[in-house]
Amino acid sequence: MRWGPAIRDGLQAPRCPAGATESDAARRGRQPGTPGAPAQRELLGHLAHELKSPLHTIGAYAEMLQEGSVDPAARNEFFAVITSESQRLATLIDTLVDLSNIEAGALVPQRGPVRIDALVKELVGTFDTAARGKAIDVVVSSPGPIPAVLADSQLLAVALRNLLANAIQYTPRGGRVEVRVGAARGTITVEIADSGIGIHPDDRPQVFDKFFRGRAPEVRQQPGSGLGLALAERLVALHGGGLEVESAPGVGSTFRLTLPGERAVPSGVELREAR
Amino acid sequence: MERIVVCDDEAYARRVLQMKLERAGYEVLLASDGDEALDLVRTHGPRFLITDLVMPKMDGLELCTALHTDGRLPALRVLVVTSSNDRAQRARLTALPGVVVADKPLSPSQVCAWVRAQMQPEVQG
């Protein structure tokens, strides 16, 4: 499935070297970070395709502009395409570096007390324009004060941004995205539920695989690298948490992010605002 | 006016090629996957098809194979534009009559040049 473009703003990696740790993929019983030759060839093939596609577009639009045959009205649009494809390329490269660092155990969360509900509200605000552009109603709810967790707010923000971007990207015009923050028995949860196109049951086991793109044409028609959810899942796992998905094609998907209770901060601890 | 089908799942890529080819005097029909391209070829009988390889539903190889089964090759000339390094896949494509494979990135001018070259009368040896 071609999930939304991977989002990485604010992530600085590697921030601190660390001893070798078991990769997330290996821990979950999937292909480890150093795949064998056939898997590596397949990954490189995906990589070549994802890198060359925006380059192809940038080159084509630049050539048309260089020829001077583009009328003024279309010229701005051409520049916008070049800018957008350049950004897509930069984001893709950054995401690949992040994934590689995670799998090598070289990305270590810088933990501090984080108010997840505040972080979620701040991030949802950054999608206001995108949601309004598709007339999508984004609603945030939480039952009351949510205990802070010891986490890396920047890394969690990257994971949440990718999940929000995914929900908005694959929800048709006029749809709804609900973001529910909760706490139960010391576990913090964030559910992002959309009324989008959903995920085919056969695609679900691979949703968090790198470069995975679903079979639905509605998915393939959207831009994306198939890396956003992979990065989100690994960043959550880096915090000892989990990311699950429930979905029904044509009805929508719910991604449930959980962070373990032992990382919750007892009340009375001074909190810093989410960055 | 020569008719060309352009098939790519990336709207940006379709648009820029359409603009270039139309300015060069060709009639351009657009498809976003192999299924659509096959329908357009069967309905409109273009002389050229320019297609991406990796696409949803029906990919470029399946499309070319279906066109071969239809008996439309090599009268229909096909340019497959790809970033794939899969040699076996390339070999299967180029084994089909009238099909050539080109690497991305490929500029609109290069595509136009390929079309023009196909229209030159062949020199008999």
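Chain A and chain B touch in this predicted model, with 18 residues of chain A and 23 residues of chain B taking part in the contact. On the side of chain A, the elements that give two or more residues are helix 2 (37–67) and helix 7 (217–220). Helix 2 of chain A supplies the largest share, 13 residues. By class, the side of chain A that touches chain B has seven nonpolar, eight polar and three charged residues.

With that meeting place in mind, here is a tour of the two chains.

**Chain B as a whole**

- Chain B holds five helices and five strands.
- If you follow the sequence of chain B, the pattern reads β-α-β-α-β-α-β-α-β-α.
- Chain B has 125 residues, and 42% of them count as buried.
- Take the contacts in chain B between residues at least 6 apart in sequence: 60% of these join residues at least 24 apart.

**Two helices side by side in chain B**

- Two packed helices are described by the angle between their axes and the distance between the axes.
- Helix 2 (residues 34–44) and helix 3 (residues 60–69) of chain B have axes that come within 9 Å and cross at roughly 25°.
- Angles under 35 degrees count as roughly parallel, and helix 2 and helix 3 of chain B are therefore roughly parallel to each other.
- The crossing of helix 2 and helix 3 of chain B is right-handed.
- From helix 2 of chain B, the residues B:Gly34, B:Ala37, B:Leu38 and B:Val41 meet B:Gly60, B:Glu62, B:Leu63, B:Ala66 and B:Leu67 of helix 3.
- Sorted by class, the contact of helix 2 with helix 3 of chain B has six nonpolar residues, two polar and one charged.

**The nonpolar cores**

- In soluble globular proteins, nonpolar side chains tend to be buried together.
- The largest nonpolar core has 53 residues, and the members that touch the most others are A:Val120, A:Ala159, A:Leu160 and A:Leu164.
- Several elements of chain A each supply at least two residues of this core, including helix 3 (72–103), helix 4 (116–126), strand 4 (176–184) and strand 5 (187–194).
- Helix 6 of chain A gives the largest share of this core, 11 residues.
- A second, separate core has 38 residues, among them B:Val54, B:Cys64, B:Leu79 and B:Val81.

**Helix 6 and helix 8 of chain A**

- Helix 6 and helix 8 of chain A pack at an angle of about 145°, and their axes are 9 Å apart.
- Their crossing, that of helix 6 and helix 8 of chain A, is left-handed.
- The residues of helix 6 of chain A that meet helix 8 include A:Leu155, A:Val158, A:Ala159 and A:Asn162, and those on the helix 8 side include A:Gly228, A:Leu229, A:Ala232 and A:Leu235.
- The contact of helix 6 with helix 8 of chain A has 11 nonpolar, three polar and no charged residues.

- B:Arg47 sits in the loop between helix 2 and strand 3 (48–52) of chain B.
- B:Arg47 counts as partly exposed because it has 15 C-beta neighbours inside 10 Å.
- B:Arg47 and B:Glu2 are 45 residues apart along the chain, yet their C-alpha atoms are separated by 6.7 Å.
- Leaving aside neighbours within four places in sequence, B:Arg47 is in contact with B:Glu2, B:Arg3, B:Leu76 and B:Arg77.

Technical notes: Residues numbered from 1 in each chain as written. Chains lettered and ligands numbered in written order. Predicted model: local features only at pLDDT ≥ 70, side-chain atom pairs only at ≥ 80, totals over all residues. Contact = placed C-beta atoms within 7 Å. Helix = DSSP H or I, 4+ residues; strand = E, 2+ residues; numbered from the N terminus. Nonpolar A, V, L, I, M, F, W, Y, C, P; charged D, E, K, R; others polar. Buried ≥ 20, exposed ≤ 12 C-beta atoms within 10 Å, placed from the backbone. Axes fitted to C-alpha atoms, helices over the stretch in contact; angles between N-to-C directions. Parallel < 35°, antiparallel > 145°, perpendicular 65-115°, else oblique. Left-handed = near helix turned anticlockwise from the far one by under 90°. Core = buried A, V, L, I, M, F, W, Y, C linked by C-beta atoms within 7 Å.
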